[in-house]
Structure formats: structure tokens, C-alpha cells
Amino acid sequence: MFWAATNRREIVPTELGLTEPGDFAISYNGALVQHTDTGKTVLSESLSYAEYRSIEELARTIGVHAQVLDDAHLYTANADISRYTVRESYLVNMPLFYRHADDFPTDKQFAKVMLIDEPTVLDAAIKHIPDEFYRDFYIVKSEPFFLEFMAAKVNKGNAVTALAEYLGYSMDEVMAIGDQGNDLPMIKAAGTGVAMGNALPEVKAAAQHVTATNVEDGVAKAIREWAL
């Protein structure tokens, strides 16, 4: 059995070979936990249409692009589509559609909404996000150009804990490996938290171990040393 925590659902089964019974994936920063061979859902936390509208309006107010994902598509309401949206669509092999926020059915559910822009633009805009958004959503920066909004209960730590419970493991038996801010809850929840060599300083500080970088096969080295 092998599972992965990622915010890019589409590449997990094919790139990591997670196609056998007993394989799982945690995706969308913990919003979705699935059997990867059947697609059966273990855990799902989504955003409502009204929540999407409030975040999309926020993006326009503070002057950044936005994109939103359901379980199979990537959408943007920005006519001047961001190059980072195009990049994400290509990277995760997810169809990209331009769709105005008014054009979705009001019962539509979304995995997450992302504010996206050039890092300097996004960093400046983040300073203007009202406090209530941090109360109502789980907000995390996953890349210098991505700020992600998920349901309030969502994070990788909660998802890993739910999957461990589903499989009958204690968290002392779980190892988590990460490098970005969205990996912190998972690193802290696991019995063995491992930071990549290229991880943010706060991730390294929270981990029990630091492995090699992502270009030095750090994940494989961590699995060999602390899991096997």
C-alpha cells in the first residue's frame, strides 16, 4: 500500500502508479481522500457556490486572478487568463474553461478556490484580505504564486489522520514528508514528520528529520531510512 498527499489529484495515479487495490490519495490539500483504484471516497470537504462567489469577489477587490476546481475541471472567471492557470491546467492534465461566476448552478460544489498572480502582486494583495476570511476558510500558500482557499476543516493533517483511522493505524505509525506551508499540519500530525532538504524553514523546524532535496531523491531516501 502507498498513498500520497498532494494538491494535484490528476497526476497521482499515473505518475506514482497508485492503481492497485489498497492504494489511496489525499488531494486538494486534504479536501478529498480516495481509493485510487476505484475512486471510492473516504473523506470529502467542499466549498459551496456561495463561498466560491465570496472568494472570487475578494480576488477582484484586491486585484488578483482566481481559479476554481471541481473534481474534474479547472475554471477561471478572468477573461485575461493567468499564465499560472494555463500552467496548472497543463501540469495536472485538467481541462481549463473560462466561465463567469454567474454561469454556475447555485448547487455547484468546489474542491478549492485559488488566488493566483505574480508573487509580488499576490503578496501585496494578501495584506488586504479581511480577517473573516481566515475564520471562514482554511487558507494556505502552496506556491509563491498560489494562495488556496478550502473548507475550514480542510488540511493535510486532518486528512492524514482520517485516512490512518480508516485503515486502522495510529498516528505513531504514520510518516509524512513535505516542503511547503500546506504540509505543516501533516508534518505535525504524523508520528514521524520529515522535511525535504528544500523545505521552508518553518517546515524543517516542525519535523523530526530532514531528508535530501526534491532533486536528490529525498522522498526515496526518507522512506528507506525511516519507514523501511
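**Reading rings, patches and strand faces**

Modeller: Let us start with Phe 97, which belongs to strand E8, and keep in mind throughout that this is a predicted model.

Colleague: Which residues form a nonpolar patch on the surface?

Modeller: The patch is made of Ile 81, Val 86 and Tyr 98, and these three residues have about 270 Å² of accessible area together. Tyr 98 comes from strand E8, which covers residues 96-98, and with a relative accessible area of 48% Tyr 98 is partly exposed.

Colleague: Turning to ring geometry, how many aromatic pairs are there?

Modeller: A pair is judged by the distance between ring centres and by the angle between ring planes, with planes under 30 degrees apart read as stacked and planes over 60 read as edge-to-face. By this rule there are eleven aromatic pairs. One of them joins Tyr 84 and Phe 145, with 4.3 Å from centre to centre and 10° between the planes, and the pair is therefore stacked.

Colleague: Why does the pair of Tyr 84 and Phe 145 tie together parts that are apart in sequence?

Modeller: Because Tyr 84 lies in helix H3 (residues 83-92), whereas Phe 145 lies in the loop between strand E11 (137-143) and strand E12 (146-151), the pair links parts that are 61 residues apart in sequence. Tyr 84 is buried at a relative accessible area of 8%, and Phe 145 is buried too, at 11%.

A second case shows the other geometry: the ring centres of Phe 137 and Phe 149 are 6.1 Å apart and the planes stand at 70°, so this pair is edge-to-face. Since Phe 137 is in strand E11 and Phe 149 in strand E12, the pair ties together parts that are twelve residues apart in sequence. Phe 137 has a relative accessibility of 7% and counts as buried, while Phe 149, at 0%, is buried as well.

Colleague: How should I read the faces of a strand, and which residues lie on each side of strand E3?

Modeller: In a regular strand, side chains alternate between the two faces of the sheet. In strand E3 (residues 32-35), Leu 32 and Gln 34 are on one side and Val 33 and His 35 on the other; these residues are all buried, and both faces are covered.

Colleague: Which strand pairs with E3 over four bridges, and which over three bridges?

Modeller: Strand E2 (residues 24-27) pairs with E3 in the antiparallel sense over four bridges, and Ile 26 has Val 33 as its bridge partner there. The hairpin of E2 and E3 has four residues between the strands, and Tyr 28 in this hairpin takes a positive phi near 55°. Strand E4 (residues 41-44) is also antiparallel to E3, over three bridges, with Gln 34 opposite Thr 41. The hairpin of E3 and E4 has five residues between the strands, and in its turn Gly 39 has a positive phi of about 85°.

Methods
Residues numbered from 1 in each chain as written. Predicted model: local features only at pLDDT ≥ 70, side-chain atom pairs only at ≥ 80, totals over all residues. Heavy atoms only, no water. Patch = residues over 30% accessible without salt bridge, like charges linked within 9 Å, V, L, I, M, F, W, Y side chains within 5 Å. Areas by Shrake-Rupley, 256 points an atom, 1.4 Å probe, with all protein chains shown as cover. Salt bridge = Lys/Arg side-chain N within 4 Å of Asp/Glu carboxyl O. Helix = DSSP H or I, 4+ residues; strand = E, 2+ residues; numbered from the N terminus. Buried < 20%, exposed > 50% of the residue type's maximum accessible area, 1.4 Å probe, protein only. Phe/Tyr/Trp six-rings, centres within 6.5 Å; stacked < 30°, edge-to-face > 60°. Pairing = 2+ DSSP bridges.
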